[in-house]
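I opened this entry to record what I looked up, going from the sheets to the helices and then to the ligand.

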Amino acid sequence: MAEEQELFKVTIDGITVEVPKGTTILNAARKIGPQVAPPTMCYYSSLEGSGGKCRTCLVEVAAGSTKDPRPMPKLVASCRTEVMDGMIVKNVTSEKALDARKGIVEYLLINHPLDCPICDQAGECYLQDLSYDHGTEGTRYEFKRRTFVREDIGPYIQLHMTRCILCYRCLMVADQLTNSRSQGILLRGDSSEISTYISKAIENDFSGNMIDVCPVGALTDRTYRFKNRVWFLKPVDAHRDCDKCCGKVTLWNRGEEVFRVTSRKDPWGEVQKIDGKPAWICNTCRFEKKNTADWIIEGPTKVNRHSVISTNHYLKKVVPPDPLNKVLNGRSPILMMDINEVSQVNEPDIDLSILPGPATSNTFIEHDEKREIKETAAERLSINDHKKP
Ligand code: SF4
Ligand code: FES
């Protein structure tokens, strides 16, 4: 008989959840939902050893456990800290954590260019989302930002180091998915950079997955970059028989044209798990199958409704039922609509465009007075007309 799993109770932002021993605070929070889950820039659940680099996921532990309810003295990285039974965690309810996150965003943006409108990743960049959610309006950084020359690291991928936030995800993909890693982090501290060192081309069959895991626009697809904006494309789920990978992908179409192929993403922006395994895709599916005839289309991809990608796409607008008929109890709503058919503010016979300045209440009072004088004169005239023999 399978051993019974020990469950720990953890409370995050006032919501209690039970998770198996060994679960991280981040995954416990994800179990509750996006409203309490901390953001992540380096953690990626399908990549072993990821996390602990960016500090975006910092949370406050208000009580360590039932046995030792003392708060933890410092904020902790939720992607690397395991829950304890009775732990109380504060994320969105912690001023300290939110303040620290602001600092982290400022730090991540020290060297990152602020040119989202011309970046190929715009609309699906996690740093862009993070800075909107947690960043400050300005930066205090006054020094020269470090810049790098763009480099083609193989036939399919371009590296723009200026945008890199050194999350290490691409290195983990190379280490864990491919049989040889040709790139690494060179130099140290502020000079650190991802590089193939001797400009070696990355040609491994699964190297394209580096583009999918990169949270910013540092690694881009050379067969797609700057050909379109993501919000103009319609993502559809599709599959094909592939002898190298699962063949289950998302096609990004405009009309009949397939602009790019990516792996399918889960609600956390990570590669979806299909049949319990991460559905990484091979370079043949990603870069060489750009015809709809190559694929069996399954249907529209479900896109988070807060994403710009979802604008005007598939889901019908949810219109709440019109309560008017119920309220009017059988009366015709037109009666109500007639009340304001003629505007009482902008009277139609006052030409606002010829006024020397903005209209004031006097404009209408004077107009009313003039109208009254005109009407009285007309009345008198008609009375006098009647009196005439
Ligand atoms: S290139 Fe992208 S994935 Fe690689 S370390 Fe930089 S930000 Fe992370
Ligand atoms: S996501 Fe936890 S440290 Fe980066």
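In what order do the strands of the open sheet of 5 strands run, and with what kind of pairing? I note before answering that I am working from a predicted model. The order I read is 2-1-5-3-4, and the pairing is mixed. Strand 2 and strand 4 (76-77) stand at the edges with a single partner strand each, so one side of each has no neighbour in the sheet.

I then went through two of the pairings in this sheet. Strand 1 and strand 2 run antiparallel and are joined by 6 bridges, and within this pair I found Lys9 standing opposite Glu18 of strand 2. The two strands form a hairpin with 2 residues between them, where Asp13 takes a positive phi near 50 degrees. Strand 3 and strand 4 also pair in the antiparallel sense, over 2 bridges, and here Val59 stands opposite Val76 of strand 4.

Next I looked up the helices that lie on these strands. Helix 1 lies across strand 1, strand 2, strand 3 and strand 5, and I noted an angle of about 120 degrees between helix 1 and strand 2. Which residues of helix 1 (residues 25-32) are buried? I listed Ile25, Leu26, Ala28, Ala29 and Arg30, and I wrote down that the buried residues of this helix pack against strand 1 (7-12), strand 2 (15-20), strand 3 (58-63) and strand 5 (87-90). Arg30 is thus a charged residue among the buried ones of helix 1. Helix 2 (residues 95-108) lies across strand 3 and strand 5, and runs at about 165 degrees to strand 3.

I moved on to the open sheet of 3 strands, for which I recorded the order 6-7-10 and antiparallel pairing. The edge strands are strand 6 (151-152) and strand 10 (219-221), each of which pairs on one side only. Strand 7 (residues 157-159) pairs with strand 10 over 3 bridges in the antiparallel sense, and Ile157 stands opposite Asp221 of strand 10.

Strand 12 (residues 248-254) and strand 13 run antiparallel with 6 bridges between them, and I found Asn253 opposite Val258 of strand 13. In the turn, which has 2 residues between the strands, Gly255 shows a positive phi of about 65 degrees. Why do I call strand 13 (residues 257-263) largely enclosed by the rest of the structure? The reason is that 6 of its 7 residues are buried.

For the ligand, I asked which residues are the closest to ligand 1. Of the 14 residues that surround ligand 1, the closest are Cys164, Cys167, Cys170, Cys214 and Ala218. By class, I noted 13 nonpolar residues, 1 charged residue and no polar ones in this shell.

Last, I took down the totals for the protein chain. The secondary structure comes to 9 helices and 16 strands, and buried residues make up 30% of the 389 residues. Among the contacts with a separation of 6 or more, 62% are between residues 24 or more positions apart.

Conventions: Residues are numbered from 1 along each chain as its sequence is written. Chains are lettered from A and ligands numbered from 1 in the order in which they are written. This is a predicted model: local features need pLDDT of at least 70, side-chain atom pairs count only at pLDDT 80 or more; totals for chains, interfaces and linings use all residues. A residue is near a molecule or strand if its C-beta atom, placed from the backbone, lies within 6 Å of it. A residue is buried if 20 or more other C-beta atoms lie within 10 Å of its own, exposed if 12 or fewer, and partly exposed in between; C-beta atoms are placed from the backbone. Helices (H or I, at least four residues) and strands (E, at least two) are DSSP runs, numbered from the N terminus. Two residues are in contact if their C-beta atoms, placed from the backbone, lie within 7 Å. Two strands pair if DSSP finds at least two bridges between them. Axes are lines fitted to C-alpha atoms, for helices over the stretch in contact, and angles run from 0 to 180 degrees between N-to-C directions.
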